[in-house]
Amino acid sequence: MNVNSTGSTSYTNPYDAYKYYTRIGGLASGLDTDSIIQGLMSVEKQRYNKLYQQKQLLEWQRQDYMDIASAISSFKDYVFSLKLSSNFTKYKTTGEAVDGGYVSVTGTANALEGNYQIKVEQLATQANAVVSDLSSITKDSENKVNLKIDLTIGSSTVSKNITLVWNPTDSVDTFGANLAKEINSAFSSDKSLRAYYDATIHKLIISSQKTGSNVSFSVKDLNNNSQIASATGTDAIVYIKDSFNNESFISSPTNTINVYGMSITLNKTTVDGSNVAQYKSFSISKDVDAIVNNIKEFINKYNDLVSKIYSKITEKRNRDYLPLTEEQKSQMKDTDIQKWEEAAKKGLLYGDSILSSYLSNMRNYLYKQVTGLPSNLDTISEAGIETYSYFDSKEGKIYIKDESKLRDAIANNFDAFVKLFTNSGSDTTSVDDDGILQRFYNLANDTLKKIYDKAGKPYFTSSYDPNSSIGKQLRSIIDQMNAEQDRLKRVEDRYYKQFSQLESLMAQMSTQSSWLSQQFSGK
């Protein structure tokens, strides 16, 4: 039986495929034939065992690569998320408009800090219609209701014809529920229009998904050419004053407006008890504490990754510990097997060129000048971040050496500080004008490709990638193991044939000896 078929990529335990046959021998000679042959086969199996150990080491090495690749991939995803301006730049807002729940304000990278006043006269609404009297809808001679719904969004109009039977035995509530179902089905592709029948108040409610005065719909009874319902949405009406008391008027089809580098969500109007909209104030400023916490989190994740990789590429192998064969495991305790395999798995990535290069480039990219930035903030060290000394961290971990320097860069040179980390350069052949996070993201992609070329793609979870370097080595070893199994079977069969011949000769000698003994005794 083969260790692994040619077309398969799944792992198998080679010792499940090769087992000795139990045979009866030694009847004439008195020899323990099985024990002798198994002893001889143990010597013959030495090459097979070496191949098995090579295969096991490659499998363990591949798993180590996959573990590191997973860590790099997670760091890459984190970096990608962090370099988005909405995640990297943090602002805090205060004031009556925010605290009173009238608006929610989020600052972008270009937010203009300052004090503002906002007046919300009207919110953007959906097109909503309530049909109170469904009994006014007419039926044709076959008890069919025929409706036409026109939904207009901007300059586009979608028309849907709806036909359903209103049985004489069906109540208004039953018909209302069926009609709502038919409307929802007609607009199911994008849910641009939704209907709901409330049996408690006996009314059909129809609503558009989108808001704004450019959204409208009408429902027409085709049986008598009458209009059953129609509705049009409304725009939000907002006034905003900046720090210099300049007033701007905004009409928006949605309840989210973008102004002065801020994204403002309108939650409710600022209309007072006398039904007059009033100005509500708020201010926006950089949240230095939140940004510092972002940098601290980045440093922790960077340090965790470089520490993990450094420990792997500096962990030396102890070649006295090789993978155990099944026969060796059968003579050991489980705890001893576990300790042995833990030692045997160490050092499989010692001095690895891919990971060593990755660490080296990370350290280089971290401190490399970002071109185009002010000379006082074009490297990370100018933001108060440094590497530990070799005696404190051989891995090359970083830390905030001067937090006041970091806070000063955020407070007084924010644009350059953001670009230091998040800038995406125009030159695709160089990293010089890329920010640190962009460099790390590109480097992670390049390194993952190299790892996958060597160890295989991560989706080969219980098998090896036949196109990878390790996969090809495994295929070669498995082929050799298969050939070796065939050879071992032939050798075993030969030994049994030889001992069988010996048994036959011993039996003949025993017969002749008995005959001669009888002749000499005269019997």
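Reply: Start with the domains. Their bounds come from an automatic or database domain assignment. The model itself is predicted. For the protein chain, the assignment gives domain 1 (33-84 + 291-473), domain 2 (91-123 + 236-286) and domain 3 (126-232).

Me: What separates the centres of domain 1 and domain 3?

Reply: The separation is 60 Å, with the centres taken over C-alpha atoms.

Me: Why are α10 and α13 called roughly antiparallel?

Reply: Helix α10 (residues 353-367) and helix α13 (residues 436-455) pack at an angle of about 175°. Angles over 145 degrees count as roughly antiparallel. The pair is therefore roughly antiparallel. Their axes are 10 Å apart.

Me: Which residues make that contact?

Reply: From α10 come Ile354, Leu355, Tyr358, Asn361, Met362, Tyr365 and Leu366. From α13 come Ile436, Arg439, Phe440, Leu443, Ala444, Thr447, Lys450, Ile451 and Lys454. Heavy atoms within 4.5 Å count as contact. By class, the contact of α10 with α13 has eleven nonpolar, two polar and three charged residues.

Me: What is the handedness of the crossing, and what makes the contact?

Reply: α7 passes α11 in a right-handed crossing. On the α7 side, the contact is made by Val288, Asp289, Ile291, Val292, Ile295 and Lys296. On the α11 side, it is made by Glu403, Leu406, Arg407 and Ile410. These residues divide into six nonpolar, no polar and four charged. Asp, Glu, Lys and Arg count as charged, and the contact includes Asp289, Lys296, Glu403 and Arg407.

Me: What makes β1 and β12 edge strands?

Reply: The open sheet has five strands in the order β1-β15-β3-β11-β12, with antiparallel pairing. β1 (91-94) and β12 (247-252) each pair on one side only, so they are the edge strands. From one strand to the next, the twist averages 25°.

Me: How do you know that β11 and β12 pair?

Reply: Pairing needs at least two bridges. Six bridges join β11 (residues 236-241) to β12, so the two strands pair. They run antiparallel.

Me: Which residue in β12 stands opposite Ile237?

Reply: Ser251 does.

How values were computed: Residues are numbered from 1 along each chain as its sequence is written. This is a predicted model: local features need pLDDT of at least 70, side-chain atom pairs count only at pLDDT 80 or more; totals for chains, interfaces and linings use all residues. Side-chain values use heavy atoms; hydrogens and water are left out. Helices (H or I, at least four residues) and strands (E, at least two) are DSSP runs, numbered from the N terminus. Axes are lines fitted to C-alpha atoms, for helices over the stretch in contact, and angles run from 0 to 180 degrees between N-to-C directions. A crossing is left-handed if the near helix is turned anticlockwise from the far one by less than a right angle, and right-handed if clockwise. Angles under 35 degrees count as roughly parallel, over 145 as roughly antiparallel, 65 to 115 as roughly perpendicular and the rest as oblique.
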